[in-house]
Amino acid sequence: MVATRTRTDLCPGVARPWPAEDGGLVRLRLVGGATDAGTLRAVGRVAAAHGDGDVHLTRRANLQLRGLALEDGRLLPAADAAVEATGLLPSRSHELVRNVLVSPLTGVEGGRADLRPVAQALDEALRADPALAGLSARFLFVLDDGRGDVLGRPTDVGLVALDATTAQVRWGSAGWGPVVPLEGAVPALVGVAHEFLVARGEGPEAPWHVDELDAPLPLPAGAPDPRVPAAAEPPPYGPVGGTHDHVAVPDGVLTPPLLARLLDGLPDDAPVVVTPWRSLLLPVVVAPAAAAELRRPTRRYAYEGSGAAIYVDSFATIRREVRAAGGFDHLPRGADGEPDPDVERVVVRMVHGTGQTDLAPSVVVHPELVRSARSALAAGAPIITDAHMVATGVTRARLPAANEVLCALRDPRVGGLAAAWGTTRSAAALSLLADRLPGSVVAIGNAPTALFHLLELLADGCPPPAAVVGCPVGFIGAAESKEALAAWAGAHDLPFLTVHGRRGGSAMTASALNAIAQEAE
């Protein structure tokens with residue numbers, strides 16, 4: 001026995017909120033993290049009306065609300081009714097039997113079997129069985145679809161898919177049971193749960209978990225089937241199979257602005273999965289209105305637009321030319337023969353941000369760049385960038401008007417647009433901010449395709465920004481995109497800053513922005 005219990009668990013639910021310091025705390029029941037955009041929006045409205053405003057994600061792929069008002073240890077009637085109206089309280093008697101963890105990508109991408117029907121059938125069986133309402137609110141069912149992504153989670157009862165039609169039942173940290181057809185898996189799982197209830201006994205000292213039992217469950221046990229996978233890491237953030245995005249949620253907190261942005265363009269019935277990594281799996285949906293309003297600008301430059309090809313070619317070029325070095329001549333001078341003070345400050349900050357003392361001769365600065373960009377920022381113009389690393393590197397305290405720093409790379413529509421247009425996500429994201437481009441300060445520090453895309457938007461008639469800092473880095477298209485910027489700016493008198501050649505990057509670009517935003521070094 002690994003734990004000695006002296007009370008029943010107090011895991012909070014709607015009927016049993018926890019009185020935290022900031023108010024009542026409740027957890028809402030999802031099955032395998034599955035919900036939809038409309039339900040998440042409804043939970044957000046409950047949080048705004050009755051709680052702290054945020055929707056919190058848990059490590060068991062459920063939702064949590066905080067800061068709720070309590071009266072005699074219970075939710076106020078209005079808050080209780082609002083929660084029930086979201087549809088996430090299908091059974092008051094079984095609301096605490098809520099931990100059904102499922103491989104988040106099951107049925108979406110990869111895996112050996114689609115476990116969504118199994119999870120739904122398990123939930124229905126749990127809610128239909130009065131005895132199972134006695135399970136601890138911390139009791140965990142874990143269904144792994146054979147990819148191993150939730151196989152390492154502490155498990156009370158679960159299964160792992162061996163192929164498209166069979167799975168092996170498991171319990172606790174060491175119990176492996178029979179191989180069963182998926183269509184017969186739910187009775188097997190429920191049977192193990194019943195055996196646990198019998199073995200645990202009753203009273204405040206009764207174990208919460210299978211591993212806390214004094215003796216193994218009296219069930220036929222064996223070894224893991226040879227087809228059982230090794231435990232796997234969570235999938236990386238970003239596109240999943242061309243149809244979904246795995247989206248990070250900082251600290252697992254969906255603030256109202258973040259929730260609105262992530263769900264923007266998704267219909268209420270769009271499926272959403274809350275993951276046990278406190279992130280979201282969102283479908284890529286290009287809304288009909290967006291599809292009608294947005295189109296890829298006319299292609300006017302010859303450049304590689306495939307992110308995958310750029311990735312492969314970049315590393316091949318690096319390995320081939322890693323020993324190569326370049327040299328540059330001189331820093332641009334003003335009319336008096338001396339460096340312009342504002343330009344000098346910008347270049348100094350760029351050198352400081354990169355540690356490259358030979359950078360200065362490579363910097364090309366339009367004579368009106370600093371004045372135009374600084375005036376635009378003082379008037380409240382936003383900074384639009386192609387990379388979150390650039391946005392993060394901007395020192396907010398230096399911005400003269402609490403300016404917005406915008407990057408649309410995590411917009412759920414980006415993946416669909418990039419695939420449809422045959423370009424990178426960084427390039428497609430700029431079109432989603434096209435209405436904010438006029439009079440803005442644009443900063444491209446990562447993707448050459450984004451700089452080409454910007455120039456194509458301008459060539460198609462988009463009103464120009466006040467200034468462009470174009471310093472994408474790379475071995476494929478970087479130098480060419482900056483040459484294209486210089487050519488466009490020269491022909492259209494667009495204030496700009498760039499760096500000849502392949503050098504650039506987020507740190508360099510953010511350093512230039514910080515120097516432009518404020519005169520003081």
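In what order do the five strands of the open sheet stand? The order is E1-E2-E5-E4-E15, with antiparallel pairing; strands (E, at least two residues) and helices (H or I, at least four) are DSSP runs numbered from the N terminus, and two strands pair if DSSP finds at least two bridges between them. The model is predicted, so local features need pLDDT of at least 70 and side-chain atom pairs count only at pLDDT 80 or more, whereas totals for chains, interfaces and linings use all residues. Residues are numbered from 1 along each chain as its sequence is written, and side-chain values use heavy atoms, with hydrogens and water left out.

Strands E1 (18-20) and E15 (253-254) form the edges of the sheet; each has a single partner strand, so one side of each lacks a neighbour in the sheet. E15 pairs with strand E4 (residues 55-57) in the antiparallel sense over two bridges, and Val253 of E15 lies opposite His56.

In helix H5 (residues 256-263), Leu258, Leu259, Leu262 and Leu263 are buried, that is, under 20% relative accessible area with a 1.4 Å probe, protein chains only. Seen down the axis of H5, these residues fall within an arc of 115°, so they line one face of the helix; the arc is that of the directions from the helix axis to the C-beta atoms. An α-helix has 3.6 residues a turn, so residues three or four places apart point the same way. The elements covering the buried residues of H5 include E15 and helix H1 (37-50), contact meaning heavy atoms within 4.5 Å. Gly265, which follows H5, has a positive phi near 90°.

Technical notes:
Buried < 20%, exposed > 50% of the residue type's maximum accessible area, 1.4 Å probe, protein only.
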